[in-house]
Amino acid sequence: MKAVHIPEPHTLNIIEMEKPEIRNSTDVLVKVKRAGICGSDMHIFHGTNPLATYPRITGHEVAGEVVETGTGVNHLRAGDHVVIEPIRYCGECYACRKGRPNVCEHLSVFGVHEDGGMREYLVLPERQLHAVDLELDWDEIVLAEPYTIGAQAVWRGNVEEGDTVLIQGCGPIGICILKMAKIAGATVYMTDLNEERMKFALESGADEVIDAGNEQVDQAIMRLTDGRGVNVAIDAVGLPSTAALGVDVVSPAGYVVILGFDERPSQIPQLPVTKKEVTIVGSRLQTNQFGRVVELLNQKKLCSDGLITHKFSLEQAGDAFKFVEEHPDQVRKALIVFD
Ligand SMILES: NC(=O)c1ccc[n+]([C@@H]2O[C@H](COP(=O)([O-])OP(=O)(O)OC[C@H]3O[C@@H](n4cnc5c(N)ncnc54)[C@H](O)[C@@H]3O)[C@@H](O)[C@H]2O)c1
Ligand SMILES: [Zn+2]
Ligand SMILES: [Zn+2]
């Protein structure tokens, strides 16, 4: 079988490798149908993902068809369409015991710390696979993983019906958070610097967009909320300045949700945090969000609606990575399509 192989940063090859086999009773063999290209795949390619190890087959946004199941697999059978939950954890550390396996001490992320889904076949334990309705298009279900990132951010920010929410950044992650915040019943304001991305955010349901390159975001938020601030400020940009801005514009008793990986410090004074009793939380990957996202996909309440802009074959993976990198204005989400 073929796979997209990154032996070291800046090198990407299509290699021929042995098809994986079922080894444990709970294993499932999956034929991959679609894999999304995510910012973190690009970082692995460039050697700028501090968490990744090499050599690596990337890809953590994956949909495929079950080919074979181990003898101890109870809920899946050949022919099922599945999406992959990319986290493997110990089940015993503090985080796992607290129901937060996404930040397990021994966390291993599919396609980051271990080989991922940009290959024709893969084997994973049943618990990392979620079946979706057979009638759904592969292009729709391959977005399950980025939707879970959105679901997690909305859950961590405690977004509830009637809340006002600021999402900074109209990239694919910002859009996935938007979809989940709208399903939760919030009013959503978004920012970006890129006109095309702001336009797409409006098409995707944002109530207002603020051009952060031309407007003072804090002033715009105060105007939109009658001086109250937003109840939840979610940062899907990930700069020191955007993280700090969340604390500025959040309302009393509000939540600030951080998703970025920037290692530089933000300047956050104590007074607004204490005075407003702000809750600042991180949001990483997801915990228990696949069930809900699959349900919303099955109900057709989560639809891509223009989020996927480009598709490439497995053989074209090198060109795909190059294109995604060079055309941020055109690419929202690009997919690798398998035969
Ligand atoms: N925590 C997690 O689990 C998780 C998962 C995936 C991605 N992320 C992070 O989420 C962030 C967004 O991911 P993405 O794939 O959508 O990235 P992206 O780069 O495609 O989108 C970021 C957007 O922010 C815009 N932007 C840049 N500076 C801005 C500013 N000052 N104000 C407003 N907008 C600005 C850009 O124009 C771009 O459209 C990244 O930081 C990524 O690392 C976190
Ligand atoms: Zn991703
Ligand atoms: Zn653990």
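Guide: A polar contact is here a pair of N or O atoms within 3.5 Å. The model is a predicted one, and the description that follows should be read accordingly.

With that cut-off in mind, consider the oxygen atoms of ligand 1. One of these lies 3.3 Å from a backbone N or O atom of Pro-172. The backbone of Val-237 also takes part, with a polar atom 3.0 Å from an oxygen atom of ligand 1. Arg-197 contributes through its side chain, a polar atom of which is 2.9 Å from an oxygen atom of the ligand. Taken alone, ligand 1 exposes 870 Å², and the protein buries 75% of that area.

As to location, ligand 1 sits in the largest pocket. Two elements give two or more residues to the shell around the ligand, namely helix H5 (172-183) and strand S12 (187-192). In total, 19 residues surround ligand 1, and the closest are Ile-173, Asp-192, Arg-197, Ser-283 and Leu-285.

The protein chain has eleven helices and 18 strands. Its radius of gyration is 20 Å, close to the 20 Å that the globule rule gives for 339 residues, and the chain is therefore as compact as a globular protein of that length. Along the principal axes, the C-alpha trace of the protein chain spans about 60 × 45 × 40 Å.

Technical notes. Residues are numbered from 1 along each chain as its sequence is written. Chains are lettered from A and ligands numbered from 1 in the order in which they are written. This is a predicted model: local features need pLDDT of at least 70, side-chain atom pairs count only at pLDDT 80 or more; totals for chains, interfaces and linings use all residues. Side-chain values use heavy atoms; hydrogens and water are left out. A residue is near a molecule or strand if one of its heavy atoms lies within 4 Å of it. A polar contact is a pair of N or O atoms within 3.5 Å; within protein, one must be able to donate a hydrogen and the other to accept it, and residues adjacent in sequence count only if both atoms are side-chain atoms. Accessible areas come from the Shrake-Rupley method with a 1.4 Å probe; for residues, only the protein chains shown count as cover. On a 1 Å grid over the protein atoms alone, a cavity is a set of points where a 1.4 Å probe fits but cannot get out, and a pocket is an open set with protein on both sides within 12 Å along at least five of seven lines; lining residues have an atom within 4 Å of a point. A molecule sits in a cavity or pocket if more than half of its atoms lie within 2 Å of its grid points. Helices (H or I, at least four residues) and strands (E, at least two) are DSSP runs, numbered from the N terminus. The radius of gyration is taken over C-alpha atoms; the globule rule is 2.2 Å times the number of residues to the power 0.38.
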